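I opened my notebook to look up a few things in this model. Here is what I went through, entry by entry.

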Amino acid sequence: MKPSDPDYMVSLEEELGRFGAAFANTIMSAPVVRTAQKMGLPYTWVIHEAWPREQFDWYASKVFLQEGIDASIIKEAMAAAEPETGKIIFPAQVQKGLYAGLMKEEVTSVVYNGIPTEKMDQFILDHNRTAIREELGYSEEDFVVLHLGTVCARKCQHVTAEAFSKLVNDKGADNAKLLIVGARYIRQHEIEYIDKVKATLREGGVEERATILDIQAEVLKYYMAADVVLVPSKNEVLPLVISEAQAFRRPLVASNIDGLPEAIKDGEEGFLIPPEDPQALCDAVHKLYLSEELRVAMGEKGRERVVKQFSHAAMTKTYMQLIDKMAPPEAPPPVAVQEPAAYTPPGVHTTSSPEPTPTEPVLVDMDMVITDWDGAFRERWLARHPEDEELIKGRTKFEIERNFPMEKREEVLEVIKEPGFYRTMKPFPGALEALQEMVDEGVDVRIVSAPHSKSAGACAAEKFDWVEHHLGAAWLDRLILARDKTHVMGCLLIDDKPVVRGSSTPAWEHVVYD
């Protein structure tokens, strides 16, 4: 249904009545928030937009084509927010400031958008910087200046082009190279602006030193290749390029505007400069050009900041703390359950075995606890590379790809992503019987598994198929797929991973299965 439909609000109330809390995303979720408020339902409302308050109607109807959403319901939802049941969250202080006075201060919070730092760390482990630079046409001696973002007047690539010309011509940076990523040839004004950037480079005589690439689906390799990252925009809220660069330990030079000072302290993680000032941009980049020590120091500071402020873990932890403070709806009385017996399956090694209670499930990992993941990989890999049998047998690192030389790691991941890899895994002898025995003895068993990051969707679907095939449809209600197992409640986690980390302090005790 659409917000403009006559029965929309009634249907929305019926739907929300099925849940204990609501999570509303974007300012255009105002009808959801207003309905939750009338129902007394706890809610979290995340507002990403930076709409001027006098233009709510125009943005909703003309820009985002939202019929039935206007300034009145947006302002009504903001004004009706109470701290006991609602939280309004902004991803930057500068956005929060735009809406000051439209809601009570105590209902607002700032939670910075997190990035998958673990994915980036894995990329760094899996790739060689020298090889990536060679692939992009850069040598070890080149000083690579990266400007990543949609090429448009707001992001000021023409300022970067002029500053780069000064860096080469006035500062004598003979080995400097410029990489601009994000060209888009859709609208006429975009095409004209790209031509302007190219003309600036041509006028400075540095066109041959610069590369302009189209918008890219995968951008991590550009951060890895870069020596410094530029964000000289004249208008920004808080772009992800800043935290992504910091994750790769790259120093930044950025405009001192809007939300950018919330992510960069001048002289710490990089330099803040006046917007649209090519000379200031050139001077700041030149300081970094002259000192590798400074680049490394600022990069390390940036990495410290991204872990504390912009990681998925930091974002998740903050959201959980805010949501936990809201009053939950009245819960039904607990159902009496038979006290389960303590159970320790074969192969488990632990120094203590706390007896589970009815509210504390026993969590059992899937791969290499119930299923023979290694056997599935070994069979498929040795069919390609029979010469690697000893390498696989002698593996020392938990992540399988890290046991292989760099040139084979992509192929390892290809094998893991093959259709049917997870669906056809064999159960360990006695594993299925042990699970059923635990349930028969009254233990609340939950299978908890983390989908592989390289094929999360297919992996998840195949694991559901595997459980249904080997254990029956009733066990699907006991299957939990979670990238971060520290958020899953239980008294024990039986898992073959030596150390299970996440963004929370887990309630369970980790029992290492080998």
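**Overall build.** I started with burial: of the 514 residues in the chain, 48% are buried, where buried means under 20% relative accessible area, exposed over 50% and partly exposed in between, with a 1.4 Å probe and protein chains only. I kept in mind that this is a predicted model, in which local features need pLDDT of at least 70, side-chain atom pairs count only at pLDDT 80 or more, and totals for chains, interfaces and linings use all residues. Residues are numbered from 1 along each chain as its sequence is written, and side-chain values use heavy atoms, with hydrogens and water left out.

I looked up the secondary structure next and found 19 helices and 16 strands; these are DSSP runs numbered from the N terminus, helices being H or I of at least four residues and strands E of at least two. Along the principal axes, the C-alpha atoms fill a box of roughly 80 × 65 × 40 Å. For contacts (heavy atoms within 4.5 Å), I took those between residues at least 6 apart in sequence, and 63% of them join residues at least 24 apart.

**Aromatic rings.** How many aromatic pairs does the structure hold? I noted 16, using rings of Phe, Tyr and Trp (its six-membered ring) with centres within 6.5 Å; planes under 30 degrees apart count as stacked, over 60 as edge-to-face and the rest as tilted. W51 and Y59 make a stacked pair, 5.3 Å centre to centre with 15° between the planes. W51 is buried at a relative accessible area of 3%.

F56 and Y99 form a tilted pair, because their planes are at 35°, with the ring centres 6.1 Å apart. F56 belongs to helix α3 (residues 56-63) and Y99 to the loop between α5 (93-98) and β4 (108-110), so this pair ties together parts 43 residues apart in sequence. Both F56 and Y99 are buried. I then followed the ring pairs and saw that they link W51, F56, W58, Y59, F90 and Y99 into a cluster.

**Charges over rings.** My rule here was NZ of Lys or CZ of Arg within 6 Å of the ring centre and within 35 degrees of the ring normal. The charged end of K287 sits over the ring of F271, 5.2 Å from its centre. I also found R478, whose charged end is over the ring of W475 at 5.4 Å from the centre.

**Pockets.** I worked on a 1 Å grid over the protein atoms alone: a cavity is a set of points where a 1.4 Å probe fits but cannot get out, a pocket is an open set with protein on both sides within 12 Å along at least five of seven lines, and lining residues have an atom within 4 Å of a point. Grid points are joined across faces, edges and corners, and a volume is the space filled by probe spheres set on the points.

The largest pocket has a volume of about 1,900 Å³. Of its 47 lining residues, E118, Q122, E399, R483 and K497 are the closest to its centre. Which element gives the most to this lining? I found α6, with 6 residues. By class, the lining has 17 nonpolar, 10 polar and 20 charged residues; Ala, Val, Leu, Ile, Met, Phe, Trp, Tyr, Cys and Pro count as nonpolar, Asp, Glu, Lys and Arg as charged, and the others, Gly among them, as polar.

The second largest pocket holds about 400 Å³. It is lined by 18 residues, with F123, H127, E218, E410 and K454 nearest its centre. Helices α6, α7 (129-136), α10 (220-225) and α17 (409-416) each supply at least two lining residues.

**Cavities.** I counted 2 cavities of 30 Å³ or more. The largest has a volume of about 50 Å³, and its lining includes V145, F164, L230 and C282. Helix α8 gives the largest share of that lining, 4 residues. By class, the lining has 8 nonpolar, 1 polar and no charged residues.

In helix α4 (residues 71-79), I found A71, I73, I74, A77 and M78 buried. The cover over them includes α2 (30-39), β2 (43-46), α3 and β3 (86-90).

My last stop was T200, in helix α9 (residues 188-203). T200 counts as buried because its relative accessibility is 17%. Leaving aside neighbours within four places in sequence, T200 is in contact with H158, A161, E162 and S165.
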